[in-house]
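Biologist: I would like to go through this model with you, starting with its charged pairs and ending with its packing. Please put it up.

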Amino acid sequence: DRLVGIEVGPPNGGMGAWSYRTFKELRDATHSFTGMAAWRMVRVATREPGEVGSAPLLATTVSGDYFNVLGVRAIIGRAITNDDVDAATPVAVVGAQYWMERWHGDPSVIGKTLLLNGQPVTIVGIAPPRFSGVYTGVVPHLYVPLTLQPRLSGVNTLDDRKLRSWLIFARLAPGVSIAVARDDADAAAKRITASYGDRPAPGAV
């Protein structure tokens, strides 16, 4: 496969996640990938309008290229797009397993409203069966645009460079080796971190 993970190496050692702002700058500054995506998992209290009580579900908040970079299409409806992320459109893609468990595979769930932490979102697609994203062993119930994070949590952390909580993966461009891509991403990460005062670390990516 041509998928690769991209992690940051902080100056004090170890490997870690990225801030959302740095992810966007890294995506725009590198040339070795056909696409790059960010994601993180969150717990959300979920119910339908008029329903009493809520269920704690696992949602993956994703950037607009998440499904595209993975080469995954919705089996019904559509996936989350860059337009959804740019506009913070309140939409959700439902995992196939949860769709079967809750709605017994009813295709009319497209267009239905769910309340996530009290915030309304519209179901626009169903993920393929057995699709669980990029984290092995955990199957999310839902996927939502990552720019809904301020509404879901009540705090906007998307512009905070110090909050490094986003995981990144990318698809190598044709003919590009992992070594070349690593050097490309490493150089870009060092330029970006130096531009806002962080001390670039050798092997930043």
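Biologist: With which residue does Lys112 form a salt bridge?

Modeller: First, this is a predicted model, in which local features need pLDDT of at least 70 and side-chain atom pairs count only at pLDDT 80 or more, while totals for chains, interfaces and linings use all residues. Residues are numbered from 1 along each chain as its sequence is written, and side-chain values use heavy atoms, with hydrogens and water left out. A salt bridge here is a side-chain nitrogen of Lys or Arg within 4 Å of a carboxyl oxygen of Asp or Glu. For Lys112 the closest N and O atoms are 3.7 Å apart, and the partner is Glu48.

Biologist: How many residues apart in sequence are the parts that this pair ties together?

Modeller: Helices (H or I, at least four residues) and strands (E, at least two) are DSSP runs, numbered from the N terminus. Lys112 sits in the loop between helix 4 (96-103) and strand 6 (113-116), and Glu48 in the loop between strand 2 and strand 3 (55-62), so the parts joined are 64 residues apart.

Biologist: Which residue meets Glu51 in a salt bridge?

Modeller: Glu51 lies in the loop between strand 2 and strand 3 and its partner in helix 4, so parts 51 residues apart in sequence are tied together. Glu48, Glu51, Arg102 and Lys112 are linked in a network of salt bridges. At 2.8 Å, N to O, the residue that meets Glu51 is Arg102.

Biologist: Is Asp84 buried or exposed?

Modeller: Buried means under 20% relative accessible area, exposed over 50%, and partly exposed in between (1.4 Å probe, protein chains only). Asp84 forms a salt bridge with Arg78 at 2.7 Å between the closest N and O atoms. Arg78, at 34% relative accessibility, is partly exposed. Asp84 has a relative accessible area of 4%, so Asp84 counts as buried.

Biologist: Within what arc do the buried residues of helix 1 fall?

Modeller: The buried residues of helix 1 are Tyr20, Thr22, Phe23 and Leu26. The arc is taken from the directions from the helix axis to the C-beta atoms. These residues line one face of the helix, because seen down its axis they fall within 155°.

Biologist: Which elements do the buried residues of helix 6 pack against?

Modeller: Contact means heavy atoms within 4.5 Å. The buried residues of helix 6 include Ala185, Ala188, Ala189 and Ile192, and Leu26 touches these four among others. The elements packed against are helix 1 (20-29), strand 2 (33-47) and strand 9 (167-172).

How values were computed:
Lists of a residue's contacts leave out its neighbours within four places in sequence.
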